[in-house]
Every structure is written in C-alpha cells, then in structure tokens.
There are 2 protein chains.
Amino acid sequence: MKNELIKLQEARDEFVTQWGIMGAQWGINRTMAQIHALLMTAPEVMSTDEVMEALEISRGNAHTNLKDLVSWGLIRIVTKKGERKEFFEAEKDVWEIFRRVARERKRREIEPALETLRNCKAASDEMESPEGKAFYEQMEQLEDFVSFASKMGDRVASMQHGKAIKLAMKFFS
Amino acid sequence: MKNELIKLQEARDEFVTQWGIMGAQWGINRTMAQIHALLMTAPEVMSTDEVMEALEISRGNAHTNLKDLVSWGLIRIVTKKGERKEFFEAEKDVWEIFRRVARERKRREIEPALETLRNCKAASDEMESPEGKAFYEQMEQLEDFVSFASKMGDRVASMQHGKAIKLAMKFFS
DNA sequence: ATCCTCTTTCAGTAAATACTGAAAGTTCAT
DNA sequence: ATGAACTTTCAGTATTTACTGAAAGAGGAT
C-alpha cells in the first residue's frame with residue numbers, strides 16, 4: 001500500500017486542481033487560485049522557486065500571481081533572517097479568507113457597478129415617457145439591491161468569526 | 001437639446017456595456033450578461049433577430065446565449081399567437097434574479113466543490129503525520145464553511161422578498 | 001565599482017474562450 | 001412531398017486572456 005506522504009501529495013494535488021477550476025468559474029485566474037490552494041495547504045512558507053516547481057509554471061507567472069494574491073490580502077510576504085529571498089504564507093483561517101475576498105470584490109467590482117447604476121438612474125431621472133420611467137425604476141431597483149448587498153457585505157466582513165456564528169444560529173432558528 | 005428617446009438609448013447602452021463588464025468579472029460571458037441587461041431594460045419581449053441587431057452579434061452567438069440565459073432561469077421564452085417565432089422576456093424582479101443566480105451557482109459550482117472537499121477529507125482521514133492532520137483539518141474547515149454558505153444560500157433563495165427584507169432589518173438592528 | 005542574488009517587467013507566444021456564418025435540422029402550412 | 005419560417009449546430013476563425021523566458025532593475029556584500 002502507498003505510504004502516507006504519497007497519498008497526501010495526491011490529495012493536495014486534487015485540491016489544488018479543483019480550487020483552480022472553481023476560481024476560474026468565479027472570475028479568478030486559474031493559476032492564482034492554484035497558488036492560493038497550494039499555500040493554504042503548505043506546512044511551511046514557500047519561495048517563488050518552490051511555487052514555480054510545484055505547479056510547473058514560469059517565474060513571471062508565479063511572480064505576477066503571488067503579487068496579486070498579496071494585493072488581495074490572501075497571502076503575505078515573510079522574510080527569514082539571514083535570507084534575502086521572499087517567502088509566502090497564506091491566510092488559513094477560512095472566515096478571514098472570506099472577509100478579505102468580500103472586502104476586495106466590493107471595492108473592485110461592486111463600487112464601480114453602483115457608480116454606473118447611479119449614472120443611469122440620473123440620466124433617466126426626469127424622463128416622462130413610459131419607457132423612460134420604466135428604465136428609471138429598473139435602475140433604482142438594481143441600485144437599491146446592490147447597495148443593500150454591499151452594506152451586508154461590509155457588515156459581515158467586519159464581524160469576528162464568533163459573532164458571525166452566533167448570527168448564523170439566529171438566522172437558522 | 002437631445003430628445004428623450006436618444007438619451008434613454010444612451011443610458012441603456014451604458015447599462016448594457018457595464019453589465020457585460022461586470023458579468024465577465026464574475027465568470028459570466030460578456031455577451032450573455034449584455035443580452036440579459038438588454039432584456040431587463042426592454043419594454044417589450046424581443047426576438048432573436050432583434051437581439052442580434054441591437055448588440056451587433058451573429059445568430060449563433062445570440063442563440064447560444066439566449067438559450068443559456070433560459071437555462072439559468074433568467075429569461076423565458078414567450079410565443080405570440082399567430083407567430084411561429086420565439087420571443088424572449090427577462091425576469092425583472094431583482095430579488096427573483098438574485099434567487100435564481102444563487103440557486104444555479106449552488107447547483108453548478110458549490111455542490112461539485114463540496115464533493116472535492118469531501119474527497120480530500122476522506123483521503124486524509126486517518127493520516128498520522130502532522131502534515132496529514134493539518135491537511136485534514138484545513139479541508140474540514142473549508143468544507144464546513146462552504147456547506148454552511150450553501151445552506152445559507154438555500155435558505156435565502158427560498159425566501160420571499162418581503163420576508164428577506166424583514167430579516168435584513170433584523171440583521172441591521 | 002563589480003558581482004551576486006533576487007525581483008520585476010514585458011514583448012512575444014501559447015492557450016482558452018467566444019463568435020461567425022453557413023449548413024443542417026425541425027415544424028408546420030399547403 | 002415541397003417549401004417557407006424559424007431554430008440549432010458546429011467547423012473555422014477571431015479575440016481575449018494567460019504564460020514564458022529573457023532582460024532589466026534593485027539592493028546589498030566585497
């Protein structure tokens with residue numbers, strides 16, 4: 001029978017692969033999601049070269065995606081004393097991962113979308129034709145919903161894990 | 001000064017364009033999102049040919065994306081008596097749109113992800129090395145979180161708009 | 001100042017994804 | 001059975017997105 005290390009390696013590979021596929025479905029590039037999965041399941045910090053080797057990708061690719069992950073707040077740079085190289089370490093707490101993704105997506109995508117909706121609303125503000133009025137109302141409904149969702153996101157993202165759990169219990173009661 | 005119809009047309013175009021960009025960021029193809037935006041703001045049902053013309057896309061493209069939108073439950077086919085052609089009409093209620101997207105993404109993406117996490121968990125179930133144990137715990141945390149989120153989604157998606165509003169009020173209290 | 005180690009950029013290329021248009025398929029009226 | 005009106009499919013192509021690898025940059029140590 002296979003020894004534990006090999007089985008672990010296989011399970012980890014499956015996780016990395018699937019996390020990559022899932023990321024892609026949600027608009028995150030595959031490599032970025034894979035690196036994230038790799039680091040989430042890494043027992044130790046990893047260097048750029050280690051990531052390159054583990055995923056068989058080029059230095060440029062590894063570098064770009066590592067830096068993107070840092071900008072999303074999903075991994076952080078760690079330096080070892082005596083070494084000049086940078087190492088990377090993932091946030092492993094699931095709730096914290098969720099909060100950071102929520103915060104970033106809000107900032108990068110929800111806010112601009114709201115901006116557009118407000119513009120469209122403003123542009124159709126005083127229209128008198130039925131079509132104009134209908135358009136205005138549709139934009140308003142969308143804006144209300146998105147801004148509501150955005151506030152929800154804020155609220156949740158600012159909660160501590162424990163508080164969120166409690167709230168969830170209440171929710172399911 | 002421009003007349004209302006032209007201004008409305010422009011506002012609608014902006015909405016269609018931006019909705020397309022937003023869709024792309026969330027892993028939905030641009031054209032599909034644009035057709036959705038177009039139909040959401042259409043005063044009347046539209047035929048495939050009208051969609052083709054409005055977005056300047058080919059028949060094949062229009063057809064494929066219209067059918068995809070139908071499969072997501074975001075638009076429906078309408079037939080006019082006496083006409084053989086199919087027309088399309090979008091769900092315009094924002095809450096209903098949200099529910100349908102939530103339901104579909106759950107079915108298409110969350111469930112398979114959970115499956116993977118369970119496999120990875122099972123594969124590392126009885127490992128004894130610290131690495132194996134850590135991996136198992138990480139998978140478990142992720143599975144718990146995702147399955148929790150999935151249940152939340154179900155719950156919310158099964159709610160009526162009014163009930164959701166009430167819950168939200170409670171949430172913000 | 002030169003070399004060494006590591007990071008960053010980016011032009012060129014590969015891969016993935018989306019789109020076109022024409023042909024084939026379907027359905028129904030005559 | 002033929003044809004008109006429409007829908008569906010799909011091979012080929014275009015566009016977008018992601019990746020590579022090499023060169024340039026940055027920051028010490030000697």
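**Figure 1. The interface of chain B and chain A in the predicted model.** Chain B and chain A bury about 5,000 Å² between them, and 75% of this area lies on carbon and sulfur atoms. The model shown here and in the legends that follow is predicted. In terms of residues, 52 of chain B are in contact with 52 of chain A. Between chain B and chain A the count of salt bridges is zero, whereas 12 residue pairs, both partners at pLDDT 80 or more, are in polar contact across the interface.

**Figure 2. The side of chain B that touches chain A.** Four helices of chain B, namely α1 (4-25), α5 (94-123), α6 (130-157) and α7 (161-172), each supply at least two residues of the side that touches chain A. The largest share of this side, 13 residues, comes from α6(B). Sorted by class, the residues of chain B on the side that touches chain A comprise 28 nonpolar, 11 polar and 13 charged ones.

**Figure 3. A salt-bridge network in chain A.** A search of the whole structure finds 30 salt bridges over all chains, and within chain A a network of salt bridges links R76(A), E89(A), E91(A), E96(A), R99(A) and R100(A). One of the pairs is formed by E91(A) and R100(A), whose closest N and O atoms are 3.8 Å apart. E91(A) counts as buried because its relative accessibility is 12%, which falls under the 20% limit for that class.

**Figure 4. The pair E91(B) and R100(B) in chain B.** In chain B, R100(B) and E91(B) form a salt bridge in which the closest N and O atoms are 3.8 Å apart. With a relative accessible area of 12%, E91(B) is therefore classed as buried.

Figure 5. The side chains of E104(A) and R108(A) meet in a salt bridge, with an N to O distance of 2.8 Å. Both E104(A) and R108(A) belong to helix α5 (residues 94-123) of chain A, where they lie four residues apart, about one turn of the helix. Side chains of opposite charge can pair when their charged atoms come close. The two partners are assigned to separate accessibility classes: E104(A) is buried, because its relative accessible area is 11%, while R108(A), at 30% relative accessibility, counts as partly exposed, since buried requires a value under 20% and exposed one over 50%.

Definitions and conventions
Residues are numbered from 1 along each chain as its sequence is written. Chains are lettered from A and ligands numbered from 1 in the order in which they are written. This is a predicted model: local features need pLDDT of at least 70, side-chain atom pairs count only at pLDDT 80 or more; totals for chains, interfaces and linings use all residues. Side-chain values use heavy atoms; hydrogens and water are left out. Contact means heavy atoms within 4.5 Å. Buried area is the accessible area (1.4 Å probe) that two parts lose on being put together, summed over both. A salt bridge is a side-chain nitrogen of Lys or Arg within 4 Å of a carboxyl oxygen of Asp or Glu. A polar contact is a pair of N or O atoms within 3.5 Å; within protein, one must be able to donate a hydrogen and the other to accept it, and residues adjacent in sequence count only if both atoms are side-chain atoms. Ala, Val, Leu, Ile, Met, Phe, Trp, Tyr, Cys and Pro count as nonpolar, Asp, Glu, Lys and Arg as charged, and the others, Gly among them, as polar. Buried means under 20% relative accessible area, exposed over 50%, partly exposed in between (1.4 Å probe, protein chains only).
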